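User: I'm new to this one and would like to learn how to read it. Could you walk me through it, feature by feature?

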Amino acid sequence: MSYDFKKIENYWQSYWAKNQTFAAENSSKLPKYYVLDMFPYPSGAGLHVGHPLGYIASDIVARYKRHKGFNVLHPQGYDSFGLPAEQYAIQTGQHPAITTETNINRYRQQLDQLGFSFDWSREIRTSDSTYYKWTQWIFIQLFNAWYDLSLNKARSITTLITLFSEQGNKNITAVCDENPPEFSAQEWNDFSEIEQQKILLQYRLAYLSDTEVNWCAELGTVLANDEIINGVSERGGHPVIRKKMKQWSMRISAYADRLLQGLEKIDWPEPLKEMQRNWIGKSVGASVVFNVTDYDATVEVFTTRPDTLFGVTFMTLAPEHELVSKITTQEQSAEVNAYVEQTSKRSERDRMTDVKSITGVFTGAYAIHPLTKQQIPIWIGDYVLAGYGTGAVMAVPCGDQRDYDFATHFNIPIVNIFKDADISKEAFTDKENSVIANSDFLNGLSYKEASQKVIASLEKIGAGKGTINYRLRDAVFSRQRYWGEPFPVYYKEGMPQMIDRAHLPILLPKVEKYLPTQEGAPPLGNSSQWGWDEQNNNVVSNDKIDHQTVFPLELNTMPGWAGSSWYFNRYMDAHNTEEFASQEALHYWKEVDLYLGGSEHATGHLLYSRFWQHFLYDMEQVPVEEYAKKLINQGMILGTSALAYRKRGTQTFLSKGLVQDHEVDPVHVDVSFVNSSDELDVEQLKKWQSQFAEASFELEEGVFRVGREVEKMSKSKYNVVNPDDICEQYGADTLRMYEMFLGPIEQAKPWNTAGISGVHSFLRKLWKLFHLNESFEISEEKPSRESLKTLHKTIKKVTEDIENFSFNTSVSSFMICVNELSAQQCNQRSILEPLTCLISPFAPHIAEELWKLLGHQESLSKTPYPVYEEHYLIESSKEYPISFNGKMRFTKKLPLSLSPKEIENEVLADDRTQQQLDGRTPKKVIVVPGKIVNIVG
């Protein structure tokens, strides 16, 4: 019986699906284990061999935990709202739902053929209305909540309304918009309903405001910072500008400190935690207020170096700061306006990372130093961001290199406030060793002493205070696109109103076009059925909107991260129609025990989802504050690209060995046209793309050789390897084990198809252990001690490796084990049966087939995992080197249980000893038990 992997894998995949082998229970006496992969966006390209890496690792753990007696939840679904499907709809007119369904079917087919033990009965899709009903519901909870700093948690907005009605807002400590109007209880109660709603919007965790956003006109939507690369959209490479728009935002800044502190409670990779710490950006310092000369206006700045206040020689505002248009003088207005326009075309990320360019414009206005009362010029510069801190900085060129460069470039005076510091060529930035000078009452103080004294002085005159600042800004939550969750919001007298839970979900309407309207409204503005009938609680025709009983619905949709911010909770109770998940299910599963996904999500999904979880915890909807106890970032599988070298300025391509001494441009070619010797099929290439059809190719030794480069696997580099092809040629078990064999799960590693045949040969060798002359044959006899030792050292190593997520060394251990058992000609059931279970998490199809051949009727998926027994590894004998006068002459195997005298007697009685002694009586016999015997003659 040969190893027919296609037949075996098809059979067991069908068996698992038919019998729902991996369905988890929500009530079990077994301990629970929840292992989760970051669910994929179903793109049209399908999977390449790099995508399954994390899925294989998580599947090994899930299968292992079932063997260890856990009730395992290992679900899968799709993050199915996304811009690519909408862009395809714009180009073709095909509804994104159709494109998404096609892509999902392709993904499912690919995932199934790899033998993953997913509980598909819990599949979710973020674009399914039964799912996004609850995304809409969570949004409503955020809208109806505020953050109470006195309790350090979110609370229902009704509690804030009660406080306002009883005491006004003077003594309320809340995270809210800057400088909300102060009012008494009487004034609150006298406000109209609209006035009260406007005030509440300044406190809600989901709120509307005029916000600086990244606007991509080509895509017709706002983009998050992590959706912009080098100043253009990640999707399509389109220009992005900064502009103000009325947007929904999430007050994630309220949770900045808790998100920071929570990192200490979770077992996540330290580099990822550091990325989140930097993104949250906690800074301790002071808030300082500068009055603007000749204007009833102030500029507030945050500084981590209040000790340097006497060194301020100018101020810089963000070009988009609201004061710029008010304080700019007529003489400077043209230059300022041009600069503001220029800056709007640069993304925040681009501005933050560009440390070489020095640009700025003087506004013509001045601020008054709070302590010296001197006038300080106010500039604008694009290195200051409106959304970070206050959008303004006090510039101390003697102590900050960027300020120093700016001042030097624009000939702004630099005052040295550091004792014995040379600032002739650069700023002095060593705050730990600084002593303050030229600073009035701060002279002679260290930075810590001076900082405390300045803060006390500022607080005394009402010009500042000590404070903590965070880089983390509130998250824009609106997208001007069609394919996303509709907001459960309609507008009455311009104020947002929430639709009652009983009438959710609000479904995406049909539209004729997926582009913004001619008036520039989002795509939902193209719908003719997008009004809300307040009396009948349903969506009606736009013609009926009268602003009396029928009102306009929100035209924006939610961002891509909305659905992925809580999906891990939905898996716990995926079909619940009454709640996003039942309390019973939430308290049983609690949190994800192991989460696998890429580190590229560090400041996107992984931060937003923590924020939503913290909020739901505050509202007593979930039992834990952090949703994932352990996180592993799998490394990339890199592609080995093929490069043809075109002689610059010509249509001639040079074989790799001919490139020297020529100026060339490397051009990516499809790796499928290249053999294992790096030889390119030129005829195939010519048929592939028009740029090669008429080109000439200079060969070496009759062949054209390409160059190789290891880089990210992607369609654009033509270096993608399709897992379907690997499964067709070698089988899913081979692919699974090979991906694990490539290297540690966290590291990037290059794909090399040539290496996969070795893993396939190993599986064939495993199969042969159970067969003799193509027939299945197993012995019931007692195994040898050598075979037991081989098995148990493998059990020990593989168990430790899985527990430590060292899957690559497990594969090596299996190979060593099978080689040793083959050499021992072992076919005993008591060895091969536990070995079958041991390898099952890695190569489940062949393991299930062998288990069935061993006579078992049930799947081995929950068979108890083999237990390592140490006594099988304890040696019972020792091969002693027998030496004469220090020179080893032969070896003799003796039981380790013998005493030194018994060892001596055994050795002296050996014929070889007598030959060496040749009748002589030894002077001494030195015996070191377990090591050596030396006969001194």
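**Reading the model step by step**

Analyst: Let's begin with helix length. Helices here are DSSP runs of H or I with at least four residues, strands are runs of E with at least two, and both are numbered from the N terminus.

User: Before we go on, what kind of model is this, and how are residues numbered?

Analyst: This is a predicted model, where local features need pLDDT of at least 70, side-chain atom pairs count only at pLDDT 80 or more, and totals for chains, interfaces and linings use all residues. Residues are numbered from 1 along each chain as its sequence is written, and side-chain values use heavy atoms, with hydrogens and water left out.

User: Which residues of helix 1 are buried?

Analyst: First the term: buried means under 20% relative accessible area, exposed means over 50%, and partly exposed is in between (1.4 Å probe, protein chains only). In helix 1 the buried residues are F5, I8, E9, W12, Q13, Y15 and W16. Look down the axis of helix 1 and these buried residues fall within an arc of 160 degrees, so they line one face of the helix. The arc is that of the directions from the helix axis to the C-beta atoms. On the other side of helix 1, K7, N10, A17 and K18 are exposed.

User: What covers the buried residues of helix 1?

Analyst: Contact means heavy atoms within 4.5 Å. The cover for the buried residues of helix 1 includes helix 2, helix 4 (96–113), helix 21 (723–729), helix 22 (732–741), helix 23 (756–769) and helix 27 (844–853). Just after helix 1, Q20 has a positive phi of about 45 degrees.

User: Now the strands. How do I read pairing?

Analyst: Strands of a sheet pair through backbone hydrogen bonds, either parallel or antiparallel. The cut-off is that DSSP finds at least two bridges between two strands. Take strand 6 (residues 206–216), where ten of the eleven residues are buried. Strand 6 runs antiparallel to strand 10 (residues 241–250), joined by ten bridges, and T211 stands opposite M245 in strand 10.

User: Which residue in strand 7 is the bridge partner of N214?

Analyst: That's L223. Strand 6 and strand 7 (residues 221–223) are antiparallel and share three bridges. The two form a hairpin with four residues between them, and G220 in the turn has a positive phi of about 70 degrees.

User: In what order do the strands of the open sheet of three run?

Analyst: The order is 22-21-23, with antiparallel pairing. Strand 22 (538–540) and strand 23 (550–552) are the edge strands, each pairing on one side only. The twist averages 40 degrees from one strand to the next; axes are lines fitted to C-alpha atoms (for helices, over the stretch in contact), and angles run from 0 to 180 degrees between N-to-C directions. Strand 21 (residues 531–533) pairs with strand 23 over three bridges, and G531 stands opposite P552 in strand 23.

User: Where is the residue N152, with its positive phi?

Analyst: N152 lies in the loop between strand 3 (145–148) and strand 4 (153–156). Its phi is near 55 degrees, a positive value in a residue other than glycine. N152 is partly exposed, at a relative accessible area of 41%.

User: Which residues does the cis peptide bond join?

Analyst: The bond joins L504 and P505, with omega about 5 degrees. P505 sits in the loop between strand 20 (495–498) and strand 21.

User: Finally, how many helices and strands are in the protein chain?

Analyst: The protein chain has 29 helices and 37 strands. Of its 937 residues, 54% are buried.
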